[in-house]
Amino acid sequence: MPSLSEADRRAALQLARSAVVEAVAHRKLPDVFPREAIFAERHAVFVTLHVSKRLQGCIGVIEANEPLGEAIVRCAASAALEDPRFVPMKADQLGGLRIEISLLSPMEPIAPESIQLGHHGLLVRLHAQRGLLLPQVAIEHRLTREQFLEESCRKAGLPREAWRDPEARLFGFTCEVFSENSNPEQA
């Protein structure tokens, strides 16, 4: 997975911010987004929103079916308004908004004992249900490997021990994670 340049990172974050502002303030998506270079490539991506240092939404795509520019716009707007865990963002929250983008590597089967906390993200799939946690979740919540597996199952709506089911499939991935400066002048 190629690493984004600093300029591409800034452009991706600005694109996500524009999408959130347009979605929250005007209930629409930006009309124009970049379609050149990295933004034309197909990548799996997650956009995470924090308002006043609290999680406000996190939406992403694990299949790289659309150009990165379009995926960022759609995921950012959805994280602001459609994450079922949170009340949709309001315009007065935009001042405290901080955006984080996670660019995902391809998913690969992984054994539980091979999971490196903070390095691997995890997708647990059992039948039609699946749950995904980004690598940073394990660190932020100080999870053990087993807790990381259990929380991935919980996110899928499965019993916590479902990862032990012989039919369960575990996939690991890595992320290139970048965010807006936590400095309030840039948040």
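Q: Where is the place of S52?
A: This is a predicted model, and in it S52 sits in the loop that lies between strand 1 (44–51) and strand 2 (54–61). K53 is found in the loop between strand 1 and strand 2 as well.

Q: What is the phi of S52, and what is the phi of K53?
A: For S52, phi is near 50°, which is a positive value in a residue other than glycine. K53 is not a glycine either, and its phi is positive too, at about 65°.

Q: Is S52 buried or exposed, and is K53 buried or exposed?
A: A residue counts as exposed when its relative accessible area is over 50%. S52 has a relative accessibility of 56%, and therefore counts as exposed, while K53, at 81% relative accessibility, counts as exposed as well.

Q: How are two packed helices described?
A: In general, one gives the angle between their axes together with the distance between those axes. Here helix 1 (residues 6–26) packs with helix 2 (residues 68–81) at an angle of about 45°, and their axes are 8 Å apart. The two helices are therefore oblique to each other, and helix 1 passes helix 2 in a right-handed crossing.

Q: Which residues of helix 1 and helix 2 meet?
A: On the side of helix 1 they are A12, L15, A16, A19, V20, A23 and V24, and these meet G69, I72, V73, A76, A77, A80 and L81 in helix 2. Sorted by class, this contact has 13 nonpolar residues, one polar residue and no charged residues.

Key. Residues are numbered from 1 along each chain as its sequence is written. This is a predicted model: local features need pLDDT of at least 70, side-chain atom pairs count only at pLDDT 80 or more; totals for chains, interfaces and linings use all residues. Side-chain values use heavy atoms; hydrogens and water are left out. Axes are lines fitted to C-alpha atoms, for helices over the stretch in contact, and angles run from 0 to 180 degrees between N-to-C directions. Helices (H or I, at least four residues) and strands (E, at least two) are DSSP runs, numbered from the N terminus. Angles under 35 degrees count as roughly parallel, over 145 as roughly antiparallel, 65 to 115 as roughly perpendicular and the rest as oblique. A crossing is left-handed if the near helix is turned anticlockwise from the far one by less than a right angle, and right-handed if clockwise. Contact means heavy atoms within 4.5 Å. Ala, Val, Leu, Ile, Met, Phe, Trp, Tyr, Cys and Pro count as nonpolar, Asp, Glu, Lys and Arg as charged, and the others, Gly among them, as polar. Buried means under 20% relative accessible area, exposed over 50%, partly exposed in between (1.4 Å probe, protein chains only).
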